[in-house]
Amino acid sequence: TGSAEGLSEVAGGCDSTCSFLGQEVRCGFVVKWAATFEFDGPDACLEAYTYALIKCSACRYCTIKETGCSAAHTSEAPVAQSSSRPRPGTARPPPPWLGG
């Protein structure tokens with residue numbers, strides 16, 4: 001169709017899937033998982049969305065708003081380092097399908 005909206009519909013938008021940690025998952029899952037376990041602070045969703053774009057090129061058809069990421073997916077604990085880096089000392093739990 002030539003429009004970004006048309007591309008989203010053709011590609012599946014946020015229902016687009018990619019391989020992430022050994023499983024096929026939807027883009028929204030990657031963003032919310034990264035916002036919860038990889039990033040912190042007021043920009044955690046934005047940073048997680050960028051992370052998802054790097055890990056899953058199909059996520060380019062999904063907007064950050066459509067992922068459903070919100071402050072509820074981020075930690076409210078203060079961060080000692082820049083929020084553009086993963087949380088220091090945070091043990092990343094495995095995704096549920098890995099039996100963690």
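The structure is a predicted model, in which local features need pLDDT of at least 70 and side-chain atom pairs count only at pLDDT 80 or more, while totals for chains, interfaces and linings use all residues. Residues are numbered from 1 along each chain as its sequence is written, and side-chain values use heavy atoms, with hydrogens and water left out.

I begin with the overall layout. The protein chain has 4 helices and 2 strands, taken as DSSP runs numbered from the N terminus, with H or I of at least four residues for helices and E of at least two for strands. From the N terminus on, their order is α-β-β-α-α-α. Of the 100 residues, 35% are buried, a term that stands for under 20% relative accessible area, with exposed over 50% and partly exposed in between, using a 1.4 Å probe and protein chains only. Where residues at least 6 apart in sequence are in contact, 60% of those contacts join residues at least 24 apart; contact here means heavy atoms within 4.5 Å.

I turn to the helix pair. Helix α2 covers residues 27-37 and helix α3 residues 44-55; their axes come within 8 Å and cross at roughly 130 degrees. The axes are lines fitted to C-alpha atoms over the stretch in contact, and angles run from 0 to 180 degrees between N-to-C directions. That angle makes α2 oblique to α3, given that under 35 degrees counts as roughly parallel, over 145 as roughly antiparallel, 65 to 115 as roughly perpendicular and the rest as oblique. On the α2 side, the residues that meet α3 are Val30, Val31, Trp33, Ala34 and Ala35; their partners in α3 are Ala44, Cys45, Ala48, Tyr49, Tyr51 and Ala52.

The structure holds 4 aromatic pairs, counted for rings of Phe, Tyr and Trp (its six-membered ring) with centres within 6.5 Å; planes under 30 degrees apart are stacked, over 60 edge-to-face and the rest tilted. Phe20 and Trp33 pair edge-to-face, at 5.4 Å centre to centre and 75 degrees between the planes. Phe20 lies in strand β1 (residues 17-20) and Trp33 in helix α2, so this pair ties together parts 13 residues apart in sequence. Trp33 and Phe37 form a tilted pair, at 5.7 Å and 55 degrees. Trp33 is buried at 5% relative accessible area, whereas Phe37, at 26%, is partly exposed. Ring pairs link Phe20, Trp33, Phe37, Phe39 and Tyr51 into a cluster.
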